[in-house]
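Visitor: I've got a fold to walk through and a few things I'd like to ask along the way. Could you show it to me?

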Amino acid sequence: MRHTSKWIPSTDRREKCPADESSMKTRLAFVARPVAFRLGCFAVIALVIGCGLAFRKDASDFLLNRLSFVRHLPESAATRNDVVYVLGGTPDSLKAKFQTASKLVRDGRAARVLVLSQQTLMAFSPALGRNLTADEWAVENLGAFGITADAIEFVAIEEGFFGTWSEAKGLSRVVRERGYRRLILVTSRIHSRRVWESFSHTIEQPETSLFLHLSDEPAHRRHLLPQYVKLLVYRALLF
């Protein structure tokens, strides 16, 4: 039986070039799509973050403005009945307040510094071989700003649930008993509005002038909203 072979037409390899080019373009298109998608996502995320930061700054400015209050002293010399009171706070916060209060005394705007007396222990003193009490620590730090011990007066105030309100109520009794003519409050900026509203509602002597100075403390954004909520709670429950 004679074997017959079937002729199979040969394929010219050059005919595959257009198909290869088309396949390559398709693959590049598939690669380009995820890249473009990712770039688009990054652009959207960047836009959202940018808008969020802008809103955050506007919100921070709004809250800081609502929390801030200042009432400066008139240009007049202090008498022995003019005092500056330092609001409580953390050690770093107190140091900033002490610096502001000390300048007021050195500049002749107040005769002495009133400090909230506290029972807590502070840093260890190598000279004493023990931890300083809060009052000793205050004397040491005020002394570093040029205030002598005899110009410092500690005020014992009963603690309450509303700390600032308790300070204001306690100090109002001290002011009334000692006949202070001018009381200068020193506190941080974000605490100043609540301090002013608390003390202005509780100082009972009509002849006592009340003023407020801000310490040089940074106003951190994370503290603004909690402080604003506290202010609203004070207004709703106390004022």
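Visitor: Which residues form a nonpolar patch on the surface?
Guide: This is a predicted model, so everything here is computed from predicted coordinates. The patch has about 350 Å² of accessible area together. One of its members sits in helix H6, residues 221-237, and is partly exposed at 33% relative accessible area. The patch is made of Leu225, Val229, Val233 and Leu237.

Visitor: And Lys97, is that one buried or exposed?
Guide: Lys97 belongs to helix H2, residues 91-106. Leaving out residues up to four places away in sequence, Lys97 touches Val86, Leu87, Gly88, Val186, Thr187, Ser188, Ser215 and Glu217. Its relative accessible area is 2%, and the cut-off for that class is under 20%, so Lys97 is buried.

Visitor: Which element gives the most to the largest nonpolar core?
Guide: That core has 23 residues, and Val84, Phe98, Val113, Val115, Leu142 and Ile147 touch the most other members. The elements giving two or more residues are strand E1 (82-86), H2, strand E2 (112-116), helix H3 (134-144) and E6. With five residues, the top contributor is H2.

Visitor: Take Val84, then: which residues is it in contact with, leaving aside neighbours within four places in sequence?
Guide: Val84 is among the core members that touch the most others. Its contacts are Ala101, Leu104, Val105, Ala110, Arg112, Val113, Leu114, Ile184 and Val186.

Visitor: How many residues are in the second, separate core?
Guide: Phe69, Trp196, Ile203 and Leu210 are included in this second core. Its residue count is 21.

Visitor: On to charges. Which residues are linked with Asp82 in a network of salt bridges?
Guide: Asp82 counts as buried, at 0% relative accessibility. One partner has its closest N and O atoms 2.7 Å apart from those of Asp82, and the other pair comes to 3.3 Å. The residues linked with Asp82 are Arg181 and Arg182.

Visitor: How far apart in sequence are the parts that Arg181 and Asp82 tie together?
Guide: Arg181 is partly exposed, with a relative accessible area of 37%. Arg181 lies in the loop between helix H4 (163-178) and E6, while Asp82 is in strand E1, so the pair ties together parts whose separation is 99 residues.

Visitor: Is Arg182 buried or exposed?
Guide: Arg182 is in strand E6 and pairs with Asp82 in strand E1, 100 residues apart. At 2% relative accessibility, Arg182 counts as buried.

Visitor: Which residue forms a salt bridge with Glu153?
Guide: The structure holds eight salt bridges, and in this one the closest N and O atoms are 3.0 Å apart. Glu153 lies in strand E5 (residues 152-155) and the partner in strand E2, so the pair ties together parts 41 residues apart in sequence. That partner is Arg112.

Visitor: Last one: where is confidence lowest among the elements, and what is the mean there?
Guide: Across the protein chain the mean pLDDT is 82, and 76% of residues reach 70 or more. Where pLDDT is low, the predicted coordinates should not be read in detail. Strand E6 (residues 182-187) has the highest mean, 96, and the lowest is in helix H1 (residues 17-67), at 61.

Methods. Residues are numbered from 1 along each chain as its sequence is written. This is a predicted model: local features need pLDDT of at least 70, side-chain atom pairs count only at pLDDT 80 or more; totals for chains, interfaces and linings use all residues. Side-chain values use heavy atoms; hydrogens and water are left out. pLDDT is the predictor's confidence in each residue, from 0 to 100. Helices (H or I, at least four residues) and strands (E, at least two) are DSSP runs, numbered from the N terminus. Patches are made of residues with over 30% relative accessible area and no salt bridge: like charges are joined within 9 Å, nonpolar side chains (Val, Leu, Ile, Met, Phe, Trp, Tyr) within 5 Å. Accessible areas come from the Shrake-Rupley method with a 1.4 Å probe; for residues, only the protein chains shown count as cover. A salt bridge is a side-chain nitrogen of Lys or Arg within 4 Å of a carboxyl oxygen of Asp or Glu. Buried means under 20% relative accessible area, exposed over 50%, partly exposed in between (1.4 Å probe, protein chains only). Contact means heavy atoms within 4.5 Å. A nonpolar core is a set of buried Ala, Val, Leu, Ile, Met, Phe, Trp, Tyr and Cys residues joined through side-chain atoms within 4.5 Å.
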